[in-house]
Amino acid sequence: SWPVYEEVFNKIHELAAFLDLPRFPDITENCFLHPDMLCMKYLMEANLPDELHNWTCRVVKKIGIGEVDFLTLMPGNKSTRKVKYDVLAAAVIIVVLKLLFLLDDHYEWLLSEFAEERNKNNTEGGPYFEFKKWYEVVKHSLDVEQKKLDEERAKYLWRCEKPLFYSVKKKSKVLKRRQMVVNLQNQFGKLSGSVQRAEKPNPSSFQLSWSEENTDGSCFHGHSLKGVLQEKRGLLTAMNPDYWLCTVKLCNEKLCGHLAHYKDVEFPQSYHFVLGLFSFLLRIQPSYIHDEVCMIEHKLFNKKLYKKLKYNTVLRK
């Protein structure tokens, strides 16, 4: 079976502590594991506008998750939270999307209608980003890739490519049998007219690729965010003043196992889709990304949350 992300993650840290490894090399802004670098990578893979990278960098700097001491692994140190680098970057992007588009199944579609009207009359500069069009393009590609993945897993042969032999005497027999099986498979494949399996492609860290040279408008990297931003005191801010929290109070991660609980019925469909997109890219459960989203939200709105919780406590008394 395929190992679960959380299990592998925990085993890695247990092994590092067991071997009593020293502090790992510092993760700086130039390191690939830094949130700014990973956000850039996943923005490209998720086919989102390049301008969003400025916002992800602002969020990373605001809550201090780009600091060296926060990111660098110190095996055996139980006081620090173990960082899931890719999951953290995906969560930052989702928080930025919520900041700009709200993702409440209403506001993002209004912005799409506004951007569509502006694009019809816009003759200068890049096109405005349309969330609805992006959703349609990415969902189609995601469905195709998910189907391919399901088929590959269904056809997967749970055996090693190289034959195993337990003695030198049996080596020649095992290799001969294996070669006979391969030849028979190739002959039956030619007779049935089935397409032969091509050579394995070179490994790549990108599962979805989008080229700006395509004329069908399926690439959104160069699209503008003018329709969702406004200039205020010389600084670009979101036109949307609202934000909804995934959870008001976090759980105890050591006791509960999660910072928050993810249930499909409790959240808007747009949020589910974005969460599912990054869940597919990272091959993990959506609940792991949801936990990181809640953690970032609480760091970002810490003062407001503290005032709200304190106010509610006073009212109860």
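Is N47 buried or exposed? With a relative accessibility of 0%, N47 counts as buried, where buried means under 20% relative accessible area, exposed over 50% and partly exposed in between (1.4 Å probe, protein chains only). The model is a predicted one, in which local features need pLDDT of at least 70, side-chain atom pairs count only at pLDDT 80 or more, and totals for chains, interfaces and linings use all residues. Residues are numbered from 1 along each chain as its sequence is written, and side-chain values use heavy atoms, with hydrogens and water left out.

On to the overall picture. The protein has 12 helices and 2 strands; these are DSSP runs numbered from the N terminus, helices being H or I of at least four residues and strands E of at least two. Of its 317 residues, 37% are buried.

Back to N47, which sits in the loop between helix 2 (35–45) and helix 3 (52–63). Most residues other than glycine have a negative phi. N47 is not a glycine, yet its phi is positive, at about 65°. R283 also has a positive phi, near 60°, and is a residue other than glycine. R283 lies in the loop between helix 10 (269–282) and helix 11 (286–300), and is partly exposed because its relative accessible area is 37%.

Then there is K98, part of helix 5 (residues 85–101). K98 counts as buried because its relative accessibility is 0%. Leaving aside residues up to four places away in sequence, K98 touches several others, including L103, Y243, W244 and E297; contact here means heavy atoms within 4.5 Å. A polar atom of the K98 side chain lies 2.9 Å from the backbone oxygen of W244.

Conventions. Polar contact = N/O pair within 3.5 Å; in protein donor to acceptor, adjacent residues only side chain to side chain.
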